[in-house]
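Hello,

Here is the structure I promised to pass on. Please open it next to this note; my findings follow below.

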Amino acid sequence: MKGRKWMVSALLAAMTCSAPLYAEVNALSDSDLGEISAQGLQTVTNPTDISDQQNNNDSVQLNGETQSVSSSIEIVNSSASALNVHQNSASADNSSDIALYQSNDQFAENSTYSNQSISNDADATDQNNNNRSVQINSDAQSNTSAFIISNAAGSAENIGQNVLSADNLESVNTITQENIQHAFNGEMDFEVLTQNIYSSDTSNQNNNVSSVQLNENAQIDVSGAVVTNSANSAENIGQNIVSVSGTDSFNTIASSNEQSATNYTRDYTEQNIGSFSSDYQKNNINSVQLNDNAQNSVEALVLSNSAASASNIAQNFGSSVAASGFNDITQSNTQNAYNGTGWENWSFQNINNNDLSSSTTSLFYQDNLNAAVQLNDYTTAQNDVKAFALANTAHSASNIAQNVAGAENVSDGNSFDQLNIQSADNWGWNVQAISNEGAAVANSAQDNINGSVEILEGQNRFEGMALANTVMSASNIAQNFASGKNWDGVNIGMQENSQDASSAVYSEQYIGNNSLGSQDTWGQYNDNGSVQATGGQNEINALSVSNAAGSAQNIAQNVAYYESFSNVSSIEQLNRQSALSDTYAYQDISNVAQNNDNNGYQQNNNAAVQILGTQNNENVASFANSAMSAVNIGQNILVISDTQGTDNADQLNIQDTTAYAYAEQIVTNDGVLGSSWAVSQNNNNGAVQLTNAQNDFDGFALSNSVMSAVNIGQNIADINNPLGLSTLQQDNIQTAYNEATFSQSVINDFAVSQNNNNGGTQLNDSQNNVSSLVVLNSVGAAVSSDISVSNVVGSVPLGTVLEQITDVYTENSLESDQVIENYVDIDGQNNNNSSVQLNDSQVASTAIDLSNTAAAAHNYGNNIANLTGASGWTVNQIASQTAINR
């Protein structure tokens, strides 16, 4: 398909219950119905064994080879949603004195609510239950090519595209492209969204409420400008694509996206699942789950999966070649995302695996996700993806803005302006209660993920600008990329990012592994407000990779390459960032058996970052794993060669972070009448733990932060032959405040190879052979790192000033309490409280700032100037730093 080839080239350029809360499922009463407006209701009762049953309520489900090997401009599947999809395309050749105006003004509002009740009185095999969700199975939408591919359930969504090609324009021309988009999902009134599933024994059962789930080979080898799957979300996607060549005129070209997404979710979203035993059961609420080979080898400008979120993605692509005259090119994105309106924004998941009547409660490969993003085990999901933006978002407010501009062989007067203004606010309260009980319990490979990001496999060999997995967070990612060559005349280049992110999140997790007899629990992962990666995300080549849970995060990147310029007036790169995070994380893990309790390879993460055997061989400018933190990362990269008459080049980062956090973890390993064995158990509370991870990393910034306020500001300038340069200025102004409380209690009979980290940093055979400007591992800390590096080759006029200024203030306040009770025998135990522990790590690594920080206030400042063959310079390097730790 001709369009497909064009797209490819463009890309390359609270509490656990001892018995079920429900014994039967009943339809809603007439009085209940009277309180519900525009709502889908589904009640299904199966008195006998069932197999291969699909129950969909206000959902989109694609099976088999549906829409595979298809070609289209738009492929849209929606249910219980409000959608606007609009495209403006124009071609102007050999024209003069034209005024072209393309505008998309879109408003989407959705306010449906859905309730589903399924009762399986006997065995259920191969059953899919979807409530207000998107589920894509088998080979659906594989090998499909379209400009827009959209699947939406219970969402408000706007997709606007403007595409322009202009050749050989003369005289005075004005071209304007704009997208004005507003999406509202949900009601201000309090509503209840529920899914109730009761079964005897289950095998291969998927239960989704307000979720996106992709299975088997869904959406592999897809090619599109936009590929999006959304459930119970408000989402805006705006794209402006401009190509101008061979003009001799006065040209004004403006591309803009103005977007507002509000996901009220002022409701109580609840999922209740009950069964005696289960094999391969997946229970998802307000989550994104990718399984098997889903979304492999996708090529797209945007690939987005969103659940229970407010999300904006804006992209501007501009190209100007062989243009003379006066050219003014402006690209701007203004984005506001709001998710939730207060603490009544609940997400509650209750899973009861209880069989007190038979000999054994058996669980095998059960996934329980509440407000989570999961790339599942034994998958290749999202491998080999090529995209400018890949985003998986759950229960968050997220903005991604990208401006890409290139101009070559232009003369007279030229102006490039790229601007991103973003705000994201997120509220949420997640509760997950998992009860595994019986006369005897056999539990293998159960994942309980609450308000967390879990990468078990997948996302390997990603190539693009931004990869983001965001859960229960407010996240802003802004990227400006400009390239100019052979400019002559008065030229101005401006790149600016202004970002505000605030997140207020409560996460509670209760896990009860309790048996009246003996129990075996193996390979159980319990993540609460955490980022966990045990596979995948290797060999990535990108500007930015971000995994965020319960955080407020800003990532801004400005990259500019200017070559062979004459009479350049001004070049400026500016990042203004503010992040506020207020978080609470509580986790209670009970491994108790009346007789013998055997527990092996259990990972318990509460407000933690745990990376095991992955994130290796990366080539990334910024790589960040953030849990319950406020993080700002600002990077300015400027390369100028063979310029004349440059007045000034400025790079500035203004960053402010504030984090308030509380984390409490209780782990009990007890054989009441017999013995309890905990083998290879990791208990991380407000901690960073890396094992055989993040080796052979190559980039500018590598950050792992937990319950911290972190600023990373980097200015990098490479100036060659700058004849006529007057001023080169690089500034970092940073403020970080952190207030954190940690509490951990662990009780053991027998423990073998147990790690207990409370407010600690533990690295095991990790971060070896790293080459990066900054490596930061921060726990319960206020940390600021700023680097200004300037390399100048060549002479300049007398009086030229190089100024590097650093002004930093950090303050940290911490309380940390750890109690470990060992009653019988211990073999190999590490207990870290507000500490840093490195085991065979950070070997042969190279960095300017290599920092492991726990319970501290740290400032790292570096001003580095290298002048070669230079004369006429005045160099000022000024640093003002304050650090207070209480």
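**Pocket and ring pairs**

In this predicted model, 29 residues line the largest pocket, and Tyr280, Lys282, Asn291, Asp292 and Asn376 are the ones nearest its centre. The largest share, three residues, comes from β8. The pocket holds about 660 Å³ of space. Its lining counts 15 polar, eight charged and six nonpolar residues.

Now the aromatics. There are 13 aromatic pairs in the structure. Take tyrosine 584 and tyrosine 662: the ring centres are 5.4 Å apart and the planes meet at 10 degrees, under the 30 degrees cut-off, so this pair is stacked. Tyrosine 584 sits in strand β38 (residues 552–593) and tyrosine 662 in strand β44 (residues 648–671), so the pair ties together parts 78 residues apart in sequence. Tyrosine 584 is partly exposed, at 23% relative accessibility. Tyrosine 662 is also partly exposed, at 28%.

A second pair is edge-to-face: phenylalanine 623 and phenylalanine 697, with 6.4 Å from centre to centre and 80 degrees between the planes. Phenylalanine 623 belongs to strand β42 (residues 619–627), while phenylalanine 697 is in the loop between β47 (688–691) and β48 (698–706). This pair links distant parts of the chain, 74 residues apart. Both phenylalanine 623 and phenylalanine 697 are buried.

One cluster to look at: ring pairs join Trp429, Tyr506, Tyr584 and Tyr662.

Best wishes

Terms used: Residues are numbered from 1 along each chain as its sequence is written. This is a predicted model: local features need pLDDT of at least 70, side-chain atom pairs count only at pLDDT 80 or more; totals for chains, interfaces and linings use all residues. Side-chain values use heavy atoms; hydrogens and water are left out. On a 1 Å grid over the protein atoms alone, a cavity is a set of points where a 1.4 Å probe fits but cannot get out, and a pocket is an open set with protein on both sides within 12 Å along at least five of seven lines; lining residues have an atom within 4 Å of a point. Grid points are joined across faces, edges and corners, and a volume is the space filled by probe spheres set on the points. Helices (H or I, at least four residues) and strands (E, at least two) are DSSP runs, numbered from the N terminus. Ala, Val, Leu, Ile, Met, Phe, Trp, Tyr, Cys and Pro count as nonpolar, Asp, Glu, Lys and Arg as charged, and the others, Gly among them, as polar. Rings of Phe, Tyr and Trp (its six-membered ring) pair if their centres lie within 6.5 Å; planes under 30 degrees apart count as stacked, over 60 as edge-to-face and the rest as tilted. Buried means under 20% relative accessible area, exposed over 50%, partly exposed in between (1.4 Å probe, protein chains only).
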